[in-house]
Amino acid sequence: MVPKRFNSAVGTSLLQEVVYLVSQGADPDEIGLMNIDEQLPVLEYPQPGLDIIKELTSPRLIKSHLPYRFLPSDLHSGESKIIYMARNPKDLVVSYYQFHRSLRTMSYRGTFQEFCRRFMNDKLGYGSWFEHVQEFWQHHMDSNVLFLKYEDMHKLIDLCPEAHSQLLGKRALGRIGLWKDIFTVSMNEKFDLVYKQKMGKCDLTFDFYL
């Protein structure tokens, strides 16, 4: 099981490729020849549906955007494993904004300022990022949970040129500190205030730039 947040905004595309390669013992060269999304269906999507997912052979690799509390009970009991990917919220909201604008099904045409305001007010799809990430962080010490940070994965790949070449090919891994190119001073101050209010009691930390 690979629960994740905000699709490609948190580096899920790369994570699912790594998980698939390790679990299936696949050749990295094969990844570029397949639709990796077909190998990891999304739990809550109508297609392919739960009936098809239940028929998948073990080990089943399944993605989800759902909060921890809405995941199947076998995940709570430790019968299945969870890999959770989190990203610093400033870079995430920029990437999520770009993702929304790129899809015809979403076709968001508002300003980034408005999009960021909706993010801070928990008005985007799948609810509050702040609650979502804290729910999973509360379980990061569970034996069946691996809590990863996008920024840490970025550092590890940069340290290994061979892995960078095999896993990314010609693709670029999203830059850490992307938010600095688009946040205004006032937006950043407001975001920091909201972040402190909603995450102040949580000991989870992020790298906002490298």
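Here is a short chat about how some labels are given to parts of this predicted model.

User: What should I know before we start?

Analyst: This is a predicted model, where local features need pLDDT of at least 70 and side-chain atom pairs count only at pLDDT 80 or more, while totals for chains, interfaces and linings use all residues. Residues are numbered from 1 along each chain as its sequence is written, and side-chain values use heavy atoms, with hydrogens and water left out.

User: How many helices and strands are there in the chain?

Analyst: The chain has 11 helices and four strands. Helices (H or I, at least four residues) and strands (E, at least two) are DSSP runs, numbered from the N terminus.

User: Why is V19 called buried?

Analyst: Buried means under 20% relative accessible area, exposed means over 50%, and partly exposed is in between (1.4 Å probe, protein chains only). V19 has a relative accessible area of 12%, so V19 is buried. You'll find V19 in helix α1 (residues 12-24).

User: And what makes Q134 buried?

Analyst: The relative accessible area of Q134 is 18%, so Q134 counts as buried too. Q134 lies in helix α8. Leaving aside residues up to four places away in sequence, Q134 touches K198, M199 and C202. Contact here means heavy atoms within 4.5 Å.

User: Why is α8 called oblique to α11?

Analyst: Helix α8 (residues 129-137) and helix α11 (residues 185-199) pack at about 40 degrees, with axes 10 Å apart. Axes are lines fitted to C-alpha atoms, for helices over the stretch in contact, and angles run from 0 to 180 degrees between N-to-C directions. Angles under 35 degrees count as roughly parallel, over 145 as roughly antiparallel, 65 to 115 as roughly perpendicular and the rest as oblique. An angle of about 40 degrees falls in the rest, so α8 is oblique to α11.

User: Which residues of α8 and α11 make the contact?

Analyst: W129, F130, V133 and Q134 come from α8, and V194, Y195, K198 and M199 come from α11. By class, that's six nonpolar, one polar and one charged. Ala, Val, Leu, Ile, Met, Phe, Trp, Tyr, Cys and Pro count as nonpolar, Asp, Glu, Lys and Arg as charged, and the others, Gly among them, as polar.

User: What makes α7 roughly parallel to α11?

Analyst: Helix α7 (residues 112-120) packs with α11 at about 10 degrees, their axes being 11 Å apart. That angle is under 35 degrees, so α7 is roughly parallel to α11. The contact of α7 with α11 has seven nonpolar, one polar and two charged residues.
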